[in-house]
Amino acid sequence: MKILILPGDGIGSEIVGQAVRVLEKFKSEGVPITLSHGHLGGAAYDAHGHPYPEATQQLARDADAILLGCVGGPNYDTLPRALRPEQGLLGIRKDLKLFANLRPAMLFPELVASSSLKPEIVSGLDIMIIRELTGDIYFGQPRGRRTNAAGEDEGFDTMHYARSEIERIARVGFEAAMKRGKKLCSVDKANVLDTSILWREVVTEMGKHYPEVQLSHMYVDNAAMQLIRAPKQFDVIVTGNIFGDILSDEASMLAGSIGMLPSASLDANNKGMYEPIHGSAPDIAGMDKANPLATILSLSMMMRYTFGRDDLAARIDAAVRSVLASGKRTGDIADINCQLVGTKAMGDAVVSAI
Ligand code: NAD
């Protein structure tokens with residue numbers, strides 16, 4: 001397992017540091033892990049003058065999987081766009097052709113009170129949202145600004161999906177459904193958009209190869225509503241880039257804190273970059289306050305999706321659950337009865353539970 005560690009910015013080195021301890025624990029048991037270390041985002045700009053420098057590109061291409069903390073911070077907000085930390089993130093995703101973004105929205109029973117919805121609506125929640133990451137209106141051409149015939153300014157973007165792009169993300173959706181509850185909901189806007197009509201046709205055709213999976217289709221506006229009304233009706237959701245961007249953020253709030261949610265971005269061969277969904281939290285950086293669990297749970301996804309080591313993933317998940325059950329909480333998920341701990345003490349607890 002060649003794993004590249006990219007702490008990034010802000011709280012990145014604190015939370016990734018705790019996840020690395022989990023990897024070192026496995027390594028000490030004989031799991032064949034080799035770690036390399038690099039820079040991405042603002043840290044890479046500081047060290048190399050670019051958010052995704054050549055040195056990191058080389059390390060990223062050589063690795064089987066990447067663990068990323070988070071990028072960004074106020075120090076870098078005034079840089080020209082091409083040098084901003086987010087460009088490092090977009091750059092590495094594009095370079096490695098990471099087209100499938102997997103974001104679970106799951107609620108640990110111990111954290112039911114952290115959700116903004118009623119316990120009976122969210123307890124037991126376990127959804128996987130699969131978002132296409134390299135196409136759609138974010139990348140379609142033409143795009144730009146112009147002055148129209150009436151002399152008025154216009155902005156325009158192009159929604160675009162080719163059959164092959166839909167097929168490969170649909171396949172990820174069906175495969176994930178096969179590993180879970182065998183239900184796949186494809187989200188589109190086929191009542192209005194031609195791109196979505198093609199999307200629905202292709203996903204329906206793909207469904208014939210997965211007779212065990214119960215396939216349904218839902219318009220995105222309805223999906224946004226259903227996620228709040230009755231989120232447990234979903235198992236796996238597959239959707240395009242812009243719809244997935246919005247729905248996955250909405251779903252993350254069902255689970256309470258963003259400090260708990262991992263994500264994976266995969267290529268066609270299950271090489272992947274794994275990262276918590278939250279940002280670099282500059283307000284708490286360096287204060288031993290950040291919750292490392294989303295990063296540690298990202299490792300669990302790595303073990304499952306890139307390395308096929310469901311046994312190690314299950315041990316990480318069980319350790320996190322037992323630590324939560326013991327009452328330990330970082331500030332973002334604290335409640336009145338909990339034992340408040342910092343980043344490092346949370347890492348200690350997880351490593352010892354493993
Ligand atoms: P943020 O996710 O960094 O923080 C939002 C709030 O959540 C803050 O109050 C923060 O303290 C808290 N928070 C986040 N992660 C936490 C954790 N692990 N434990 C405890 N509390 C946590 O979002 P933001 O403030 O909008 O953005 C800050 C910076 O992060 C910006 O530069 C932004 O561009 C960047 N960002 C990066 C990513 C990424 O790397 N994928 C994602 C989102 C934002």
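1. Let's begin with a charge over a ring: Arg 146 lies over the face of Phe 156, and the distance to the ring centre is 3.9 Å. Keep in mind as you look that this is a predicted model. A second case involves Arg 168, whose charged end sits over the ring of Phe 99, 4.1 Å from its centre.

2. Next, the aromatic rings. How many aromatic pairs does a search of the whole structure find? There are two. Tyr 161 and Trp 199 form a tilted pair, with 5.3 Å from centre to centre and 55 degrees between the planes. Tyr 161 lies in the loop between strand 7 and helix 6, while Trp 199 belongs to helix 7, so this pair ties together parts that are 38 residues apart in sequence. Are these two residues buried or exposed? Tyr 161 and Trp 199 are both buried.

3. Now turn to Phe 174 and Tyr 210. Their ring centres are 4.8 Å apart and their planes meet at 5 degrees; stacked means under 30 degrees, so this pair is stacked. Phe 174 is in helix 6 and Tyr 210 in the loop between helix 7 and strand 9, so the pair links parts 36 residues apart in sequence. Both residues are buried.

4. Finally, have a look at the ligand. It is surrounded by 18 residues, and the closest include Val 71, Gly 279 and Ala 281. The shell divides into nine nonpolar, six polar and three charged residues.

5. Which atoms lie 2.9 Å from an oxygen atom or a nitrogen atom of the ligand? For the oxygen, it is an N or O atom in the side chain of Asp 283; for the nitrogen, it is a polar backbone atom of Asn 291. Taken alone, the ligand exposes 810 Å², and the protein buries 65% of that.

Technical notes:
Residues numbered from 1 in each chain as written. Predicted model: local features only at pLDDT ≥ 70, side-chain atom pairs only at ≥ 80, totals over all residues. Heavy atoms only, no water. Near = heavy atom within 4 Å. Polar contact = N/O pair within 3.5 Å; in protein donor to acceptor, adjacent residues only side chain to side chain. Areas by Shrake-Rupley, 256 points an atom, 1.4 Å probe, with all protein chains shown as cover. Nonpolar A, V, L, I, M, F, W, Y, C, P; charged D, E, K, R; others polar. Phe/Tyr/Trp six-rings, centres within 6.5 Å; stacked < 30°, edge-to-face > 60°. Helix = DSSP H or I, 4+ residues; strand = E, 2+ residues; numbered from the N terminus. Buried < 20%, exposed > 50% of the residue type's maximum accessible area, 1.4 Å probe, protein only. Lys NZ or Arg CZ within 6 Å of the ring centre and 35° of its normal.
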